[in-house]
Amino acid sequence: MLNKSFYIYFSALVGVLFLLFFPYLFFSEKVERDPGTVRVMTYSSFIQKWGAGPEIAKRFEEETGLKIQWINAGNAGLLIERLKFKKETDQPDIIIGLDQFSIHEARKFFTWMSMKENYSKMGSSLLPRGAQFSDFLAYDWGPLTFVYKEGEIEPPESLQDLASKKYDNKLLLQDPRMSSPGLQFLLWVLADMGQEKGFEFLEKLKPSIRVMSPSWSSSYNIFKLQQPTMVFSYFTSPLYHQLEENDDSYKAVSFKNPHPIQVEYAGVPDFCVNCEGAHQLARFLLRPEIQKILMKKNYMFPVGKEALDGESFRLPENVQYYKPIENLTLIKKKRQLVNIWKKVFY
């Protein structure tokens, strides 16, 4: 039988070993950073072989000698959540793919470096007024609307028309809890009609909704398979079918109401390591030739007018937009508004 002195000695030894190895149990070893690499956190479709990322990375390295290391955050709506739980091994220098809603969330948790100098490199701007911020750099944008196939559905003229019986079981929308376009639609209704009347309208809209999907991509795939329907999407969606599939039958609705817009941003957090490389990449995104890549791969409008030269992309005519700043009051109440939305639909 072991005596008491052994237990005392053994306990002391365990305590010493614990103190020696405790840091390694909970903290990863500091990772040496390659000064010639810029770490970029973004959403998955941006870095797929068909996305804008690979071509931009190739050209950026050829010009600057800096390599891009991608950090895949999955869905664009998860960028801030992923950033909250970042590890040193995937600490980004720059984040690409935030929108005007997620940058509001981003400011709550992190400090962001100024983008004013980077914006100064941009030529004539196509950005709607109110879309440019000092701490985030806008690199593309697009107005949202409903898309339909010509000859299958009579397009509505206003938001209120969507609740009429002729659109029963015809609309494909996205869940605002998970989808940025879904949140755009909710805030569009509330901005246009006011909160009380907006939720009354959504109650009336329920018979018109065929599917409430978790993402834009899933709703758009359903739209292509199940017609006649209308899907909440981008003005540029018909242009994709025209240029990629030689199909002119897809059309975008021009409403009497001002349309919401989606703006995509890049941001450099103050904990960046290769901060100068991050700012170089931000400026690079505004180059006309890079803007063309973003335009053709993302099917969004560029922020610089020069990128439109000689291209098939044209801004929709006679369409009004809600300025991003106009939804700032609403986005501050996002949780409350989404909870009311849940009571309406669930």
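Most residues other than glycine have a negative phi, and most peptide bonds are trans.

The chain as a whole contains 14 helices and 10 strands. Of its 346 residues, 49% are buried, and the chain exposes about 17,600 Å², of which carbon and sulfur atoms supply 53%. Among the contacts in the chain with a separation of 6 or more, 77% are accounted for by residues 24 or more positions apart.

Confidence in the prediction was examined along the chain. The mean pLDDT is 87, and 88% of the residues reach 70 or more. Confidence is highest in strand β5 (residues 171–174), at a mean of 98, and lowest in helix α1 (residues 4–26), where the mean is 41. Over residues 1–31 the pLDDT is below 50, and this stretch has seven contacts in the model beyond near neighbours in sequence. Where pLDDT is low, the predicted coordinates should not be read in detail.

When residues up to four places away in sequence are not counted, Ala163 touches Phe201, Lys204, Leu205 and Ser208. With Ser208, which lies 45 residues away along the chain, the separation between C-alpha atoms is 6.2 Å. Strand β4 itself contains Phe146, and this residue is buried because its relative accessible area of 0% is under 20%. Phe146 and Val253 are 107 residues apart in sequence, yet their C-alpha atoms are 5.6 Å apart in space.

Tyr299, in the loop between α12 (288–298) and β10 (301–302), has a positive phi of about 50° although it is not a glycine. Tyr299 is buried, because its relative accessible area of 11% is under the limit of 20%. In the loop between α9 (216–225) and β7 (230–234), where Pro228 is found, the peptide bond from Gln227 to Pro228 is cis, with omega near 5°.

Helix packing was considered for one pair of elements. Two packed helices are described by the angle between their axes and the distance between the axes. For helix α3 (residues 53–64) and helix α11 (residues 275–285), the angle is about 115° and the axes are 11 Å apart, and α3 passes α11 in a right-handed crossing. On the side of α3 the contact is made by Ile56, Arg59, Phe60, Glu63 and Thr64, while α11 contributes Gly277, Gln280, Leu281, Phe284 and Leu285. Sorted by class, the residues in the contact of α3 with α11 comprise five nonpolar, three polar and two charged ones.

Methods
Residues are numbered from 1 along each chain as its sequence is written. This is a predicted model: local features need pLDDT of at least 70, side-chain atom pairs count only at pLDDT 80 or more; totals for chains, interfaces and linings use all residues. Side-chain values use heavy atoms; hydrogens and water are left out. Helices (H or I, at least four residues) and strands (E, at least two) are DSSP runs, numbered from the N terminus. Buried means under 20% relative accessible area, exposed over 50%, partly exposed in between (1.4 Å probe, protein chains only). Contact means heavy atoms within 4.5 Å. Accessible areas come from the Shrake-Rupley method with a 1.4 Å probe; for residues, only the protein chains shown count as cover. pLDDT is the predictor's confidence in each residue, from 0 to 100. Axes are lines fitted to C-alpha atoms, for helices over the stretch in contact, and angles run from 0 to 180 degrees between N-to-C directions. A crossing is left-handed if the near helix is turned anticlockwise from the far one by less than a right angle, and right-handed if clockwise. Ala, Val, Leu, Ile, Met, Phe, Trp, Tyr, Cys and Pro count as nonpolar, Asp, Glu, Lys and Arg as charged, and the others, Gly among them, as polar.
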